[in-house]
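The report below describes selected features of one structure, shown here with its sequence. Please keep both in view while reading.

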Amino acid sequence: MSEFWLISAPGDKENLKAMEKMNTVTSKSNLSNNTKFAIPDFKVGTLDSLVGLSDELGKLDTFAESLIKRMAQSVVEIMEDAKGKVQENLLANGVDLTSFVTHFEWDMAKYPAKQPLVSVVDTLAKQLAQIETDLKSRMATYNTLKTNLENLEKKSRETLLTRTLSDIVNKEDFVLGSEYLITLLVIVPKSSYIQWQKTYESLSDMVVPRSTKLITEDKEGGLFTVTLFRKVIDDFKTKARENKFTVREFYYDEKEIKREREEMTRLLSDKKQQYGPLLRWLKVNFSEAFIAWIHIKALRVFVESVLRYGLPVNFQAVLLQPHKKSSTKRLREVLNCVFRHLDEVAAASLLDASVEIPGLQLSNQDYFPYVYFHIDLSLLD
């Protein structure tokens, strides 16, 4: 499973024994893999400041998780035909996310533990905010390019009546620069090809004999040229319509044709040029954002443990990875039983949802006798 439970309990003898009991039961029952989660000692400050930080870290946690999910989705979007290789671009410090979480070490160089907690949180918040700003800008540029390209490609997949013809017609298909003659394009149903060949010269006066040619076709019909005198255009269109032939309003403009072709080439080139740098940026900054997120989880455990268990700081954090979804209920029962003594009211309320915990703002299902935070690595679900 890509789910982790990050918990903590006081570090005194009684609770260390409770931790050992938890490890023994979960191991024997094959409920979870448990590893110690090392968190450095921070400058605590006042309890009032910790209460404020607890709220701020909760919001930052939510923001960080949302950001890395958006970044993961962005990798999926730009990789398009190579979606099977998405996971190899979603790493943290060059290793898969599960390995990073289970072998987590606090980055003292980037987030010095000697700094006040407020400063550490501020550094994390600014880092994530900058990554989000850059993500929005880079993806907006890429998506605009992608949309423009898709719109052009869509035009080439439409019906013969509406699709772009810049990739189909050639200068040689038309009589150009004539004061008297003009070449029209006519859409003929497939079932009427023979009728067209037999009748087009007589649909009106002044149609050039043997001037029709099939340019392209789709499953419905074909696009034919026909050359005639300009002064009979309206008469020809009327007679063509009566015979279920559709004259398409199109006049060959070499500059416009060239512009459309160059636009497609430019957009394809620009997309290709942006792809590599954007994927590299996403790979590097996804790693940075994910690492920051796990540091925020560590900070939340620290702050909540101090607020819950008091000073001096003395708690043990453990990372549990449930083996399967079906075992999470049993695992929760084991934890609630082992740590029931930490908060009898909370433990009782888990069995009786009607019991309210005085002064507690969280709903009962979010509160346990021990400090608990959830880490879900299913970022693409």
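## A nonpolar surface patch

Leu311 is placed in the loop between α7 (254–309) and β7 (315–322); helices (H or I, at least four residues) and strands (E, at least two) are DSSP runs, numbered from the N terminus. Together with Leu47, Val51 and Leu307, Leu311 forms a nonpolar patch on the surface, and the accessible area of the four is about 340 Å². Patches consist of residues with over 30% relative accessible area and no salt bridge, like charges being joined within 9 Å and nonpolar side chains (Val, Leu, Ile, Met, Phe, Trp, Tyr) within 5 Å. A salt bridge is a side-chain nitrogen of Lys or Arg within 4 Å of a carboxyl oxygen of Asp or Glu. Areas come from the Shrake-Rupley method with a 1.4 Å probe, and for residues only the protein chains shown count as cover.

## Basis of the model

This is a predicted model, in which local features need pLDDT of at least 70 and side-chain atom pairs count only at pLDDT 80 or more, whereas totals for chains, interfaces and linings use all residues. Residues are numbered from 1 along each chain as its sequence is written, and side-chain values use heavy atoms, with hydrogens and water left out.

## Strand β1 and its partners

Eight of the eight residues of β1 (residues 3–10) are buried (under 20% relative accessible area), so this strand is largely enclosed by the rest of the structure. β1 pairs with β7 in the antiparallel sense over six bridges; pairing requires that DSSP finds at least two bridges between two strands. In this pairing, Pro10 stands opposite Phe315 of β7.

β1 also pairs with β8 (residues 371–376), again antiparallel and over six bridges. Here the bridge partner of Phe4 is Ile375.

## The four-stranded sheet

An open antiparallel sheet is formed by four strands in the order β4-β5-β3-β6. Its edge strands, β4 (213–217) and β6 (246–248), each pair on one side only. β4 and β5 (residues 221–229) are joined by four bridges, with Leu214 bridged to Phe224 of β5.

Helix α6 (residues 233–242) lies across β3 (181–189), β5 and β6, running at about 150° to β5. Angles run from 0 to 180 degrees between N-to-C directions, with axes fitted to C-alpha atoms, for helices over the stretch in contact.

## Leu145 in helix α4

Leu145 belongs to helix α4 (residues 117–155) and is buried, with a relative accessible area of 8%. Beyond its neighbours within four places in sequence, Leu145 is in contact (heavy atoms within 4.5 Å) with Leu267, Asp270, Lys271 and Gln274.

Note on methods
Buried means under 20% relative accessible area, exposed over 50%, partly exposed in between (1.4 Å probe, protein chains only).
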